[in-house]
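Look over the sequence and the model below. A short report on selected features comes after them.

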Amino acid sequence: MTRKVIQVALNGVTGRMGYRQHLVRSLLAIREQGGVQLSDGTLVYPEPVLVGRSEERLRAIAERHGLDRWTTRLDEVLADPSVEVYFDTQLTSSREASLMKAISAGKHVYTEKPVAESLEGALRLARTARAAGITHGVVHDKLFLPGMIKLKRLAEAGFFGRVLSVRLEFGYWVFEGDQVAAQRPSWNYRAEDGGGIVLDMFPHWQYLLTDLFGPVKALYARSVTHIPRRWDESGQPYDATADDAAYAVLEFASGAVASVNSSWAVRVNRRELLELQVDGTLGSAVAGLRHCAIQHRVSTPMPVWNPDLSDPLDYQAQWTDVPDNMSFDNGFKAEWELFLASVAEGRPFAWDLSEGAKGVQLAGLALQSSAEGRRVDVPPLEV
């Protein structure tokens, strides 16, 4: 059986997401399984090249996993013809310039979101990549979550009938960092570094909601900074200049309406950190990262409003969990396998930089809506 080795430069691998999800749970897991098998039987085998700013941390990761190549010099990696793929999971503020360098060097590129801080930058990347003829892709990991896969199957089977409304709840309490260390990096709360929950999460909501319910035609959003003062990794206080919560109403071309709440200043009282409720004429579902519970029209109870008596109905008990009747792989790994196969076979990737630009567009319009205090249209994006 033929084996094709693809060297992948991972820039930002010392970060939490870059290390855990993309290196350990994706590329190293793919190596352990023997690679990605193509239709002709060829096995695509990724070889990571670690890139970052800290020699000490890079060396430690390389030694921990028996990897040979690591460097703090991005230009050196991009000049190496043996490196075929560049992956970016840096700070948002550093991403666009590095991706443009990689595209100019003829590398295939794969990147975390948002692909750029502005729509103009995202479109510039997409157009440059298309002109270069490379394979390019953006991480759309939420599409591969077990709960969302189940939800997609329900929608495709017509379970909901006509979709009426969607409620998306995402978030958790991120500690300020003074008494308890924050579980997210401090740059997430500095606008000058590309931080903010709108720029971070609305690109996710764009591809996820569009994939499930079709295009968004308009939105109203309100972004806020609930916690104005936080403490960084060295214990020093700083002013939080980026939004840590956003509340939005999205209108779909189909006529359905979604309320979307995203917050790093909320305490969780739901089954999972992300939950999406869909209500339709024939049935409803509540999906999270892994679970998906359903209630059909014929099983819907008849509540009666009476605040003078205790409600006898146990509403949550009247929902039925969709079973795990298929195996679910790590979502990041599943998409990495598809991207590596696209590179090896020299074909376009489904979720490319053009799709990434749509996420940046929605985030930008949400911030515009919040700043202007009004509903804004979401025009079709021409790349």
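## Basis

This is a predicted model, with local features needing pLDDT of at least 70, side-chain atom pairs counted only at pLDDT 80 or more, and totals for chains, interfaces and linings using all residues. Residues are numbered from 1 along each chain as its sequence is written, and side-chain values use heavy atoms, with hydrogens and water left out.

Helices (H or I, at least four residues) and strands (E, at least two) are DSSP runs, numbered from the N terminus. Two strands pair if DSSP finds at least two bridges between them.

## The open sheet

Nine strands form an open sheet in the order S17-S16-S15-S14-S8-S13-S12-S9-S18. The pairing is mixed. Strand S17 (320-321) and strand S18 (376-377) are the edges. Each has a single partner strand, so one side of each is left without a neighbour in the sheet.

Strand S9 (residues 216-224) pairs with strand S12 (residues 245-252) in the antiparallel sense, over 8 bridges. Leu219 has Leu250 in S12 as its bridge partner.

## Strand S14

How much of strand S14 is buried? Buried means under 20% relative accessible area, exposed over 50%, and partly exposed in between (1.4 Å probe, protein chains only). For S14 (residues 274-280), 7 of the 7 residues are buried, so the strand is largely enclosed by the rest of the structure. Leu274, Leu276, Val278 and Gly280 point one way. Glu275, Gln277 and Asp279 point the other way, and are buried too.

S14 pairs antiparallel with strand S8 (residues 163-171) over 7 bridges. There, Ser165 stands opposite Asp279. S14 also runs antiparallel to strand S15 (residues 283-287), joined by 4 bridges. Val278 faces Ala285 in that pair. A hairpin of 2 residues links S14 to S15.

## The second largest pocket

On a 1 Å grid over the protein atoms alone, a pocket is an open set of points where a 1.4 Å probe fits, with protein on both sides within 12 Å along at least five of seven lines; lining residues have an atom within 4 Å of a point. The second largest pocket holds about 450 Å³ of space. It has 14 lining residues, and Arg271, Glu275, Gln277, Val286 and Gln316 are the closest to its centre. S8 and S14 are the elements that give two or more residues to this lining.

By class, the lining has 4 nonpolar, 4 polar and 6 charged residues. Ala, Val, Leu, Ile, Met, Phe, Trp, Tyr, Cys and Pro count as nonpolar, Asp, Glu, Lys and Arg as charged, and the others, Gly among them, as polar.

Helix H9 (residues 353-372) lies across S9 and S18. It runs at about 60 degrees to S9. Axes are lines fitted to C-alpha atoms, for helices over the stretch in contact, and angles run from 0 to 180 degrees between N-to-C directions.

Gln361 lies in H9. This residue is buried, with a relative accessible area of 10%. Leaving aside neighbours within four places in sequence, Gln361 is in contact (heavy atoms within 4.5 Å) with Leu119, Val378, Pro379 and Leu381.

## Two loops

Most peptide bonds are trans. The bond joining Lys113 and Pro114 is cis, with omega about -15 degrees. Pro114 sits in the loop between strand S6 (108-111) and helix H5 (119-132).

Val298 is in the loop between strand S16 (292-296) and S17. Val298 is exposed, at 72% relative accessible area. Its C-alpha atom is separated by 8.5 Å from that of Gly283, 15 residues apart along the chain.

Key. Grid points are joined across faces, edges and corners, and a volume is the space filled by probe spheres set on the points.
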